[in-house]
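Please read it alongside the sequence and the structure shown here.

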Amino acid sequence: MSMLAVLLHSLQLAGAPPPFQVGERFEYVAKFGVLPVGSGAIEVASIDTVRGEAAYHFRFQLQAKAIFYKINSTLESWTSTDEFHSLRFRRDNLENSKRYVRAWEIFPDSGYHRQVQPEPMPAAPTPAEPLDDASFLFFVRTTPLEVGKTYNFERYFRPERNPIVIKVVKRESMKLPDGSAVACLVLNPVIGEGGLFGARAQARLWITDDARRIPVQIKSRYSFGEVTLKLERITRTTP
């Protein structure tokens, strides 16, 4: 059993839920400088079943439009509720007029993953505890972090893109949508070269430094400039 699975199991035994549950949804306004350019959302859509195994269905959506550039992106992850391993991952990107859809089936117990869309590909190795781009964000929310430290994880489901790196840059005060001030950890997460948290994106992620671990703000660099996702609405169910 992984360290994260042990942590989640310990929380359950103590009667405390993990920092997320089905129905949780964070909605963001996307800004380019001070100009609103779109919106984003992060949610726990449901508990699904993948090959007979219970799985969280995580979804991340981004819609933005700036000068000479438009993006409509959806990342979906099916991650086991017990071991917190990625079982299925899908990326659907529409950038300007070019659509890019890819999907993978991931088999942690057998140690391989396989691309199934746009066309089937041969099986390739995967780490023992794989994560994908969407499940990574929820993994961060359950991971103990200290300011000034850098964490490396050999857990991305495509080994050639490892390690996943999390730098805890500093602590900073931010405001939630209700106007309340909250202390946040400012992270520099890196997964591979491309995407929201790719090395070239120079991303920053603000999460509350409390048991909720709410992602309050995300900054990421695109070809036309830096986009900021600022939290503007929280929907949380009763555990």
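With which residue does Arg171 form a salt bridge? The partner of Arg171 is Asp209, and the closest N and O atoms of the two are 2.9 Å apart.

## Basis of the report

This is a predicted model, in which local features need pLDDT of at least 70 and side-chain atom pairs count only at pLDDT 80 or more, whereas totals for chains, interfaces and linings use all residues. Residues are numbered from 1 along each chain as its sequence is written, and side-chain values use heavy atoms, with hydrogens and water left out.

## Salt bridges

A salt bridge is taken here as a side-chain nitrogen of Lys or Arg within 4 Å of a carboxyl oxygen of Asp or Glu, and a search of the whole structure finds 18 of them. For the bridge between Arg171 and Asp209, Arg171 lies in strand S10 and Asp209 in the loop between strand S12 (204–208) and strand S13 (215–222), so the pair ties together parts that are 38 residues apart in sequence. Helices (H or I, at least four residues) and strands (E, at least two) are DSSP runs, numbered from the N terminus. Asp209 is partly exposed, with a relative accessible area of 31%; on this scale buried means under 20%, exposed over 50% and partly exposed in between (1.4 Å probe, protein chains only).

Glu76 forms a salt bridge with Arg59, with the closest N and O atoms 3.5 Å apart, and this pair also links distant parts of the chain, since Glu76 is in strand S4 (residues 69–80) and Arg59 in strand S3, 17 residues apart. Glu76 is buried, at 12% relative accessible area, while Arg59 counts as partly exposed at 21%. A further bridge joins the side chains of Asp210 and Arg212 (2.8 Å, N to O), where Asp210 is partly exposed at 27% relative accessibility and Arg212 is partly exposed at 32%. Salt bridges that share partners join Arg25, Glu27, Glu43, Arg59, Glu76 and Arg233 into one network.

## Aromatic pairs and charges over rings

A pair of aromatic rings is described by the distance of the centres and the angle of the planes. Rings of Phe, Tyr and Trp (its six-membered ring) pair if their centres lie within 6.5 Å, and planes under 30 degrees apart count as stacked, over 60 as edge-to-face and the rest as tilted. The structure holds 14 aromatic pairs. In one of them, the rings of Phe20 and Tyr56 have their centres 5.2 Å apart and their planes at 80°, so the pair is edge-to-face. This pair links distant parts of the chain, with Phe20 in the loop between helix H1 (3–13) and strand S1 (25–32) and Tyr56 in strand S3, 36 residues apart, and both residues are buried. Phe58 and Phe138 form a stacked pair, 3.8 Å centre to centre with 10° between the planes; Phe58 lies in strand S3 and Phe138 in helix H2, so the pair ties together parts that are 80 residues apart in sequence. Both Phe58 and Phe138 are buried, and ring pairs link Phe20, Tyr56, Phe58, Phe84 and Phe138 into a cluster.

A charge sits over a ring if NZ of Lys or CZ of Arg is within 6 Å of the ring centre and within 35 degrees of the ring normal. Arg51 lies over the face of Phe107, at 4.0 Å from the ring centre, and the charged end of Arg88 sits over the ring of Trp78, 5.7 Å from its centre.

## Nonpolar core

A nonpolar core is a set of buried Ala, Val, Leu, Ile, Met, Phe, Trp, Tyr and Cys residues joined through side-chain atoms within 4.5 Å. The largest one has 55 residues, and those with the most contacts inside it are Leu145 and Leu187. Helix H2 (residues 133–141) gives the most to this core, with six residues. With contact meaning heavy atoms within 4.5 Å, and not counting residues up to four places away in sequence, Leu187 touches residues including Val140, Leu145, Ile166, Val168 and Ile207.

## Backbone in the loops

The peptide bond from Gln117 to Pro118 is cis, with omega near 15°, and Pro118 lies in the loop between strand S7 (112–117) and strand S8 (124–125). Asn162 and Pro163 are likewise joined by a cis peptide bond, with omega about 5°, and Pro163 is found in the loop between strand S9 (150–153) and strand S10 (164–175).

Arg51, a residue other than glycine, has a positive phi near 50° and lies in the loop between strand S2 (35–50) and strand S3 (53–66). Arg51 counts as partly exposed at 42% relative accessibility.
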